[in-house]
Structure formats: C-alpha cells, structure tokens
Amino acid sequence: MLLDGKTIIITGASSGIGAAAAKIFAAEGARLVLGARRSELLQKIKDEISADGGEAVFAAGDVEDSHYARELVQLAEAHFGGLDGAFNNAGVTGDMGPIPDMQEDNWHKVMAVNLNSGFYAAKHQIPAMRNRGGGSIVFTSSFVGHTIGLPGMGAYAAAKAGLIGMTQVLAAEHGPEKIRVNALLPGGTMTPMAGDDANFHEVVRDFHALKRMAEPSEIARAALFLLSDHASFVTGSAMIADGGNSINKL
Ligand SMILES: NC(=O)c1ccc[n+]([C@@H]2O[C@H](COP(=O)([O-])OP(=O)(O)OC[C@H]3O[C@@H](n4cnc5c(N)ncnc54)[C@H](OP(=O)(O)O)[C@@H]3O)[C@@H](O)[C@H]2O)c1
C-alpha cells in the first residue's frame, strides 16, 4: 500500500477530486484528516471509509481562514500523532468574465480560496512535517494559467499560477528538511466544478489530446503518486496530468 501508516490532510474532500482521493488514499493505508465546508458530505465519506476498514476524521471549515488550516493540522496530531502529507486541493473558479468587467470582490474571493489557502496550509503544515522528519505537500493547480489563457478565468488563472510559484519556493526552502512540495495540474475533470453543460464539456474535451475529460480518480491517483515514497526524488515540480491538454494544438 502506497500510503501505509501515513497521516494525510485532504482539503476539498467533500466533492470531485478530493472525495475520490479520500477513498483511494484510505484504500492505500492512509489515515486521513478531511476538510471542506459541507460537514454532511464529509461525514458520509468518513462513514464509507470506516465501513471499508479505513481511518478518517474530519473538520468542516473554510480554507480562507488561517485558523482552519491550523485546526486540520492539530486534528492530525491529536488523532494520529503527527502529519506526513497534505493534498491542498480545495478550489473555486469564481465568476467567469473578462478582467475589466470583473468585480473586485470576485478577484479577492478567488485568490483567498485558491491561493491564500495554500499559504495558510503550508504555514501550519510545514512545522508539523518538520517534527515528523519529513513529508510531502501537493497543491492542486490547473492547466488554466499554465498552458492555456482561457478567456473569462483571469482570477483563477492567476491564483493557480501563483500556487506553482509558491511550490517552487517551498520546495527549495524545505528540501533540506526532507519535505517535498509539488503542484499538480489536472486537465478538465468531470466534477461538479465542470458543471453539466454538454456543449461546454465538448469544447473542453477538444483541448485534450485524449479527446476526453478526466475522471476524478485519475487525478487523485496522480496526487497519490506525489504523496507516496514512489515520488521520493520529485519536488518543486508542476506535474501535469492533463490528458495531453498542454501539447495539443489541434
Ligand atoms: N474539475 C476540473 O476540470 C479541474 C481542472 C483543474 C483543476 N481543478 C482543481 O481541482 C480542485 C478540486 O476541484 P474539483 O474539480 O474536484 O471541484 P469540486 O467538485 O467543485 O470540489 C471543490 C472542493 O473544494 C471545496 N471548497 C471550495 N471552496 C471552499 C472553501 N472556501 N473552504 C473549504 N473548502 C472549499 C468544496 O467543498 P465545500 O463546498 O464542501 O466547501 C469541494 O470539496 C480545485 O482546486 C480545482 O480548482 C479542477
């Protein structure tokens, strides 16, 4: 099992990629601390993991709040004795629209959920991993802002690109402490974030060399690799799991 005995925080665990990761990581032996705002969904996922013989605890909260990032780390330490990894995955697209028309509140909200949350997470997770003698952090970034300037997604693109810059610095700062830090760049993935507009899905599918969108589990398995010891020499990377989105020009 790839995460046997490791304690891992997953944010955005109530839905989509994070929910898929919760099931997969638990099956790989991880002890999980689940985070998101919707506690009823977190309870359901925890119950499913427990029914399968896995271990998970959860705390509902908002990743815009630094105290919540600290609470998740404290939960890991209180229940499982420490923290080995984190999949900082919660995110929102915000309102779509050209930047001259964008409400300033929307810009700040998208930054808070996608980028500030990464700062808070690292701020509290790194000391806990230092106590443990090492660890692995994964931030969910995006193909948007890296390989495609998707019209209408200026704030989201800036936030997700910001995570890559922070990843590189964190990896350099904490590599000597055996803490690896990577960004994961999914392509279009069939989650509630992608909506249910078939025409939009068709447009997005076409961006990808594989001519389809990912299942959430396919992205979760890429995160699993980065969190596991199989990725022991991988740090500071922007790992693309995008179905060929970035190399596809047709
Ligand atoms: N789907 C795609 O095509 C795609 C592509 C590239 C990257 N991504 C990224 O992948 C990550 C996961 O997204 P997804 O596709 O799985 O979407 P999703 O199904 O909408 O899941 C988003 C998750 O983030 C949580 N979340 C949102 N705002 C939050 C907040 N303020 N505080 C705490 N939790 C919050 C949501 O939980 P609650 O609502 O319960 O709080 C939910 O669990 C995101 O970072 C997204 O940007 C997605």
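How many nonpolar, polar and charged residues are in the lining of the largest cavity? By class, this lining has nine nonpolar, eight polar and no charged residues. Here Ala, Val, Leu, Ile, Met, Phe, Trp, Tyr, Cys and Pro count as nonpolar, Asp, Glu, Lys and Arg as charged, and the others, Gly among them, as polar.

The model is predicted: local features need pLDDT of at least 70, side-chain atom pairs count only at pLDDT 80 or more, and totals for chains, interfaces and linings use all residues. Residues are numbered from 1 along each chain as its sequence is written, and side-chain values use heavy atoms, with hydrogens and water left out.

**The cavity**

The structure holds one cavity of 30 Å³ or more. On a 1 Å grid over the protein atoms alone, a cavity is a set of points where a 1.4 Å probe fits but cannot get out; a pocket is an open set with protein on both sides within 12 Å along at least five of seven lines; lining residues have an atom within 4 Å of a point. Grid points are joined across faces, edges and corners, and a volume is the space filled by probe spheres set on the points.

The largest cavity is lined by 17 residues, and Thr11, Val63, Asn88, Ser117 and Ala121 lie nearest its centre. Strand E1 (7-11), helix H3 (66-80), H4 and strand E5 (135-140) each supply at least two of the lining residues, and H4 gives the most, with five. Helices (H or I, at least four residues) and strands (E, at least two) are DSSP runs, numbered from the N terminus.

**Spaces compared**

| Space | Volume | Lining by class |
|---|---|---|
| Largest pocket | about 910 Å³ | 19 nonpolar, 18 polar, six charged |
| Second largest pocket | about 190 Å³ | one nonpolar, four polar, five charged |
| Largest cavity | about 140 Å³ | nine nonpolar, eight polar, no charged |

**The pockets**

In the largest pocket, 43 residues form the lining, with Gly91, Val92, Tyr156, Thr191 and Met193 nearest the centre. Two or more lining residues come from each of H1, strand E2 (31-36), helix H4 (104-132), H5 and helix H6 (198-207). H1 gives the most, with three residues. The lining of the second largest pocket includes Lys6, Asp84, Lys178, Arg180 and Asp229.

**The ligand**

The ligand sits in the largest pocket, meaning that more than half of its atoms lie within 2 Å of the pocket's grid points. It is surrounded by 30 residues, the closest being Ser14, Ser15, Arg37, Tyr156 and Thr191; a residue is near if one of its heavy atoms lies within 4 Å. This shell divides into 11 nonpolar, 14 polar and five charged residues.

An oxygen atom of the ligand lies 3.1 Å from a polar backbone atom of Gly12. A ligand oxygen is 2.7 Å from a side-chain N or O atom of Ser14, and a polar side-chain atom of Arg37 is 2.7 Å from a ligand oxygen. Taken alone, the ligand exposes 880 Å², of which the protein buries 94%. Accessible areas come from the Shrake-Rupley method with a 1.4 Å probe; for residues, only the protein chains shown count as cover.

Methods:
A polar contact is a pair of N or O atoms within 3.5 Å; within protein, one must be able to donate a hydrogen and the other to accept it, and residues adjacent in sequence count only if both atoms are side-chain atoms.
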